[in-house]
Amino acid sequence: MKNDDYWFEHKSIGYGSGLPIAWQGWAILVGYIGIMTLGALLVEWDEEVGLPAGVTIMVLSTIGFLAIARAKTRGGWRWRWRRKD
């Protein structure tokens, strides 16, 4: 593993990020999963208050996670056809 400032590897086929390659990437991924679980629990807890709060939390955390993953992916996000970069 190179000592650079990237947290995620690019996908070999397709568009976007692959698995994390640094502890920061794994920490962000685990945190994202935890926040999504919290949002789902809020939705299940109360339909009147929890539904809008849970959906808002999930949408905003997804936007934030994708922005971080895109900025911290080695090679950036673009379509790949399993060729070497």
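These legends go with several close-up views of the predicted model.

The model is predicted, so local features here need pLDDT of at least 70, side-chain atom pairs count only at pLDDT 80 or more, and totals for chains, interfaces and linings use all residues. Residues are numbered from 1 along each chain as its sequence is written, and side-chain values use heavy atoms, with hydrogens and water left out.

**View 1. The open sheet has three strands, in the order β3-β1-β4.** Helices (H or I, at least four residues) and strands (E, at least two) are DSSP runs, numbered from the N terminus. Two strands pair if DSSP finds at least two bridges between them, and the pairing in this sheet is mixed. β3 (17-20) and β4 (73-74) are the edge strands, each with a single partner strand, so one side of each has no neighbour in the sheet. Strand β1 (residues 8-10) runs parallel to β4, and two bridges join them. Look for Phe8 here: Thr73 in β4 is its bridge partner. As a reminder, strands of a sheet pair through backbone hydrogen bonds, either parallel or antiparallel.

**View 2. Polar side chains meet around Glu9 and His10.** A polar contact is a pair of N or O atoms within 3.5 Å; within protein, one must be able to donate a hydrogen and the other to accept it, and residues adjacent in sequence count only if both atoms are side-chain atoms. Arg74 sits in strand β4, and its side chain makes a polar contact of 2.8 Å with that of Glu9. Is Arg74 buried or exposed? Arg74 counts as buried, at 18% relative accessibility; buried means under 20% relative accessible area, exposed over 50%, and partly exposed in between (1.4 Å probe, protein chains only). His10 belongs to strand β1. The His10 side chain has a polar contact with the Glu9 side chain at 3.4 Å and another with the Arg80 side chain at 3.1 Å.

**View 3. Helix α1 (residues 23-45) lies across β1 and β3.** The helix runs at about 100° to β3; axes are lines fitted to C-alpha atoms, for helices over the stretch in contact, and angles run from 0 to 180 degrees between N-to-C directions. Gly25, Tyr32 and Gly39 are the buried residues of α1, and they pack against β1, β3 and α2 (50-71). Contact means heavy atoms within 4.5 Å. Leu41 is also in α1, but counts as exposed at 55% relative accessibility. Leu41 and Leu51 lie 10 residues apart in sequence, with 9.4 Å between their C-alpha atoms. Over in helix α2 you'll find Val59, partly exposed at 43% relative accessibility.

**View 4. The largest nonpolar core has six residues.** They are Trp7, Phe8, Ala22, Tyr32, Phe65 and Ala69. A nonpolar core is a set of buried Ala, Val, Leu, Ile, Met, Phe, Trp, Tyr and Cys residues joined through side-chain atoms within 4.5 Å. What does Ala22 touch, leaving aside its neighbours within four places in sequence? Ala22 is in contact with Tyr6 and Trp7.

**View 5. Lys72 sits in the loop between α2 and β4.** Not counting residues up to four places away in sequence, Lys72 touches Asp5, Tyr6, Trp7 and Phe8. Lys72 and Asp5 are 67 residues apart along the chain, yet their C-alpha atoms are separated by 7.3 Å.
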